[in-house]
Amino acid sequence: MSAKLLIIALDGADGRLLDVMSRSGAMSNLASLRSKGAFRFLDNRAEMSDDSIWASFQFGAPLADHGRYHFLVPLGSGRAGMAVKYEDGRQTFWHRLSAQGLSVCVIDVPKCPVPVALNGIQLADWSVHGHYFKAPQSYPPDLAGQVVAELGTQECKWCDYHQPLLDDEKVGGIVSDLLASIEAKRRVACEQLSHAAWDMAIIGFKEAHCAGHGLWQFADRQHAEFDAARLSRLGDPVGRVYRALDAAIGDLLAASGSGTEVLVFSNCFMEPNGSIHHLRKQLCDRLDQVLSRRHQLPANHPQRLCALLEANDNQLALRLSRQDPALFASLLRETTVLLTGLLDAGTGRPVFDRIERPSTQRQGKARGRLPDIVAWCKPNVTPQAVVSQHVGRIEAPVQRMRPGNHSMGGAVFATGPKVSALSGRLVNVSDFADVARDFFFAAPDRPTAP
C-alpha cells in the first residue's frame, strides 16, 4: 500500500540539531531526503508555546486567529480551563481535505481536539507530549482501545516543570523508555501505512520533545550544566533518541511506498531553560501594587490592574486592566518598562530576553484572548531573587527546573517534485494546511513558490 503525501512531525525536535545531524549523516534518512529535495528553517516567532504551534498547524491559522496561546486560558467564568473548549466545531485541515473526498490517516498530531468522523482514521493523545484528555481518543472510537490494549498508554513521564538531578542510571532509563516509545509508534504507523492506500498520512513523534525538556544539558554546550566528560560516558543520550527517530522515519518511508512525497518537520528549537516560575505570583502582585499607586487607586480597590495568566515555565504572561483605553495604553508602557528593568539579584543582569505585547501587536479575530504582556526569560537564568528600583526585591527558594525549553523556530525536509516546489511556501507551521491543500487541489496556474 502507499500514501501520496506523508507528513512526519518530530514534536520538540531542535531544528538546528536536525540540520547538523542531517548534514553530517548522523541522521542518514533525513540526509537522504535532504539530498533529494529541499531543506529550510521555519520561522515560528509569532507563536507563544507548543500549544499555540500545534493549533496553528492543525487549523492552518495564526495564533491571533485561533487564540490558543497555552493549554489553560481564561474561560467565560473567569477561571482557567482547557483551551480546547474554545475550539468546538473548528475543523482541522485534514478534516477539510477529508470532506473533499481524500482518505487520511492521522496518528498523534499533538494537542488535538477530540477526533470526529472523517474519511479515514485518527488516533489522538496516545503517545504524545502533554496530554489533553484522560485517555487516548480516536476515530473510529474503538481504534484507541485496540492500540492501548496492545501497546499500553505510552504516557509522558519526564517533562514536569520541576525535575531533580538525574544520575547516570536514571538518564539511561529515560533513554530506554524513549526508544521503546519510538518503536511503539513506528509499529502502529507502519501497520496503518501498510493497511491501506491513503491520500495523506500524518504521523507525530513525541520523543525529541521529552528528550529536549529532560536531557538538554547533554545536547547544548551553552547549557550551564553541560559536562563533556559525562556526555562521553553516557554516549550522547539526546543523539541516541534522534538517531532512533531517523531509523523510524526510514521504516515509515519504506511502508508508505516509493511514489510517496514526504514532509518531515520539527516545530521549534530548544534551548537551556530559564525561569521565574517560582517568583511569578509575587512579582505580579508587586506590579499590581506599583501600578495602583502610580494611578492613585485606593489599597482596597476591587479591580486589579495586573493579573497573572497561565504560561510556559520560561515565560511571564499578564493581563492588564482593559476598562479604560487610555489607562490600558499607559499600563502597557509602564509594565514593559518595569519588567525591562528587572535584574537577577545575584548577577545584576536582566532577567528577561524579550518582552512582547500579543493582544495589541497581533492582528486576528482572537487577539483579545491573548495576554497583554509576555516576558521571555533568558536561557540559563533562574534567579533566587529579582530586584529593581521600582519593584524592589522579590525572593523565593528555587526548585531545579527541567533543563531544556522551547525556542520558536523549526525545520522542514521536503522530498518529491510537487512537495519540494510547494515547500518554498512553508514559512511557519500555519502554512502546512495550504501546502497540503495545494498538493492535491492546486489550480494549474497557481504559483507554487514565492
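**Close-up 1. Ala 307 stands opposite Arg 319 of strand E11.** In this predicted model, the strand E10, made of residues 306-309, runs antiparallel to strand E11, made of residues 315-320, and four bridges join the two. Five residues lie between E10 and E11, and together the two strands form a hairpin.

**Close-up 2. Helix H11 covers residues 280-294.** With 15 residues at 1.5 Å a residue, H11 should span 21 Å, and this agrees with the model because the C-alpha atoms at the ends of H11 are 21 Å apart. The buried residues of this helix are Arg 280, Leu 283, Cys 284, Leu 287, Asp 288, Val 290, Leu 291 and Ser 292. Just after H11 comes Gln 296, which takes a positive phi of about 55 degrees.

**Close-up 3. Helix H1 packs with helix H10.** Two packed helices are described by the angle between their axes and by the distance between the axes. For H1 (residues 15-24) and H10 (residues 237-256), the angle is about 75 degrees and the axes are 12 Å apart. Angles of 65 to 115 degrees count as roughly perpendicular, and H1 is therefore roughly perpendicular to H10. On the side of H1 the contact is made by Leu 17, Leu 18 and Met 21, while H10 contributes Val 238, Gly 239, Tyr 242 and Arg 243. Sorted by class, the contact of H1 with H10 has five nonpolar residues, one polar residue and one charged residue.

Technical notes. Residues numbered from 1 in each chain as written. Predicted model: local features only at pLDDT ≥ 70, side-chain atom pairs only at ≥ 80, totals over all residues. Heavy atoms only, no water. Pairing = 2+ DSSP bridges. Expected span 1.5 Å × (residues − 1). Buried < 20%, exposed > 50% of the residue type's maximum accessible area, 1.4 Å probe, protein only. Axes fitted to C-alpha atoms, helices over the stretch in contact; angles between N-to-C directions. Parallel < 35°, antiparallel > 145°, perpendicular 65-115°, else oblique. Contact = heavy atoms within 4.5 Å. Nonpolar A, V, L, I, M, F, W, Y, C, P; charged D, E, K, R; others polar.
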